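Work through the exercises below with the sequence and the predicted model side by side. Try each task before reading its solution.

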Amino acid sequence: MKFKDLKFAETKIPKGKQALVQFGDYELSIVCNDVSYGGKNGGTLYEIAVFDKNDTLIEMPGITEKGDTVKGWLNETNVEGILKKMYALTMHTGKNNLT
């Protein structure tokens with residue numbers, strides 16, 4: 001999956017946009033909004049987080065750092081790299097939940 005394939009939905013609170021991609025039992029949230037890490041940088045930087053099947057925010061080795069559940073200040077290339085890593089870790093092709 002490429003960044004250009006992501007379908008973003010507009011969010012009102014906080015104001016911005018979000019894409020959700022399902023990888024088996026995990027969901028990757030990609031956001032750019034008023035309060036996300038890098039979101040106030042002209043809408044060009046993104047923040048990601050991973051949720052498990054219980055909708056719990058989790059650390060994911062290889063995606064987020066130990067002790068942290070969110071990774072920010074990501075450009076489109078960084079997000080594509082994370083999409084590839086999620087596939088490699090889960091062996092599931094990402095399914096955009098907003099299509």
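**Exercise 1.** Find which residues of the largest nonpolar core touch the most other members, and then work out which elements supply the core.

*Solution.* Begin with the 19 residues of the largest nonpolar core, among which Leu6, Leu28, Ile30, Val79, Leu83 and Met86 touch the most other members. Next, turn to the elements: β2 (16-23), β3 (26-33), β4 (46-51) and α1 (76-90) each supply at least two residues of this core, and the largest share, four residues, comes from α1. As background, nonpolar side chains in soluble globular proteins tend to be buried together.

**Exercise 2.** Locate the cis peptide bond that leads from Ile13 to Pro14, and state its omega.

*Solution.* For context, most peptide bonds are trans.

**Exercise 3.** Decide whether Asp55 and Met91, two residues with a positive phi, are buried or exposed.

*Solution.* Asp55, with a phi of about 65°, is found in the loop between β4 and β5 (57-58). Its relative accessible area is 56%, and because exposed means over 50%, Asp55 is exposed. Met91, with a phi of about 60°, lies in the loop between α1 and β7 (95-96), and at 57% relative accessibility Met91 also counts as exposed.

Technical notes: Residues numbered from 1 in each chain as written. Predicted model: local features only at pLDDT ≥ 70, side-chain atom pairs only at ≥ 80, totals over all residues. Heavy atoms only, no water. Core = buried A, V, L, I, M, F, W, Y, C linked by side-chain atoms within 4.5 Å. Buried < 20%, exposed > 50% of the residue type's maximum accessible area, 1.4 Å probe, protein only.
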